[in-house]
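Trainee: I would like to go through this model with you, helix by helix and ring by ring. Could we begin with the ground rules?

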Amino acid sequence: MKRIGVTGHRSIPPEVHAHVLEGLRAALCGHEGSLEALSSLAVGADQLFADIALAHGAELTVVIPSGDYEEGFADRAELTRYRALKARAAREVRLDFPHSTDEAYYAAGAYIADHCDRLLAVWDGLPARGLGGTGDIVTYARALGRPVTVIWRDGVERG
């Protein structure tokens with residue numbers, strides 16, 4: 001079974017959204033029935049990836065950074081979408097952090113990088129804005145020698 005993980009921005013500008021969807025679909029194409037998708041189901045790239053992976057028949061493994069992770073969702077719609085995707089997961093990995101901190105997010109991203117065969121990065125190429133951000137996880141994955149596929153449109157920065 002091939003394992004593909006994701007890291008990416010929560011905020012995806014409208015002008016790059018269709019490009020990101022196309023890139024995620026292309027990366028997941030051809031793996032039907034033999035794919036495990038690893039995601040923390042954060043708003044943005046994580047949820048887009050999980051949705052597309054499930055549509056391609058992948059088994060979803062959810063990596064939950066902390067005990068209070070659900071409290072970080074901004075509104076009921078975001079939380080409902082997270083819970084709906086989580087309910088469709090084949091596996092759930094809960095990390096031992098009681099609270100959602102940068103360290104917890106970094107650990108979740110590192111877990112995904114450690115356990116995937118390829119990492120998809122919905123990333124504008126800029127440094128992370130805090131420990132555990134997309135840039136940090138890409139750097140970590142590359143240091144492991146993990147193949148990383150960056151999905152973004154040149155010249156577009158996240159908001």
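Mentor: The conversation below covers helix packing, aromatic pairs, cysteines and a few single residues.
Mentor: This is a predicted model, in which local features need pLDDT of at least 70, side-chain atom pairs count only at pLDDT 80 or more, and totals for chains, interfaces and linings use all residues. Residues are numbered from 1 along each chain as its sequence is written, and side-chain values use heavy atoms, with hydrogens and water left out.

Trainee: Is helix α2 mostly covered or mostly open?

Mentor: Helix α2, residues 45-55, is mostly covered, with nine of its eleven residues buried. Buried means under 20% relative accessible area, exposed means over 50%, and partly exposed is in between, with a 1.4 Å probe and protein chains only. Helices (H or I, at least four residues) and strands (E, at least two) are DSSP runs, numbered from the N terminus.

Trainee: Which residues of α2 are buried?

Mentor: They are A45, D46, Q47, L48, F49, A50, I52, A53 and L54.

Trainee: And what covers them?

Mentor: The cover of the buried α2 residues includes strands β1 (2-8), β2 (35-39), β3 (59-66) and β5 (118-122), along with helices α1 (14-28) and α3 (76-87).

Trainee: How do α2 and α3 cross?

Mentor: Their axes come within 11 Å and cross at roughly 35°. Axes are lines fitted to C-alpha atoms, for helices over the stretch in contact, and angles run from 0 to 180 degrees between N-to-C directions. The crossing of α2 and α3 is left-handed; that term applies if the near helix is turned anticlockwise from the far one by less than a right angle, and right-handed applies if clockwise.

Trainee: Which residues meet there?

Mentor: From α2, Q47, L48, A50, D51 and L54 meet E78, R81, Y82 and L85 of α3, where contact means heavy atoms within 4.5 Å. By class, the residues of this contact are five nonpolar, one polar and three charged. Ala, Val, Leu, Ile, Met, Phe, Trp, Tyr, Cys and Pro count as nonpolar, Asp, Glu, Lys and Arg as charged, and the others, Gly among them, as polar.

Trainee: What about α4 and α5, then: which hand does that crossing have?

Mentor: The crossing of α4 and α5 is right-handed, and the axes come within 9 Å at roughly 35°. Y106, G109, A110, A113 and D114 of α4 meet D136, I137, Y140, A141 and L144 of α5. That contact has seven nonpolar, one polar and two charged residues.

Trainee: Changing topic: how many aromatic pairs are there?

Mentor: The count comes to five aromatic pairs, under the rule that rings of Phe, Tyr and Trp (its six-membered ring) pair if their centres lie within 6.5 Å. Planes under 30 degrees apart count as stacked, over 60 as edge-to-face and the rest as tilted.

Trainee: Why is the pair of F73 and Y82 called tilted?

Mentor: The planes of F73 and Y82 are at 35° with the ring centres 4.7 Å apart, so the pair is tilted. Both residues are buried.

Trainee: What geometry do Y106 and Y140 have?

Mentor: Y106 and Y140 form an edge-to-face pair, at 6.0 Å centre to centre and with 75° between the planes. Y106 lies in helix α4 (residues 102-115) and Y140 in helix α5 (residues 134-144), so the pair ties together parts that are 34 residues apart in sequence. Y106 counts as partly exposed at 25% relative accessibility, and Y140 likewise counts as partly exposed at 22%.

Trainee: Which residues make up the aromatic cluster?

Mentor: Y69, F73, Y82 and Y105 form one aromatic cluster.

Trainee: On to cysteines: how many disulfides does the search find?

Mentor: A search of the whole structure finds zero, a disulfide being a pair of cysteine sulfur atoms within 2.5 Å.

Trainee: Last one: where does L41 lie, and what is its phi?

Mentor: L41 lies in the loop between β2 and α2. Its phi is near 60°, a positive value in a residue other than glycine. L41 is buried, with a relative accessible area of 0%. Just after α2, G57 also takes a positive phi, of about 85°.
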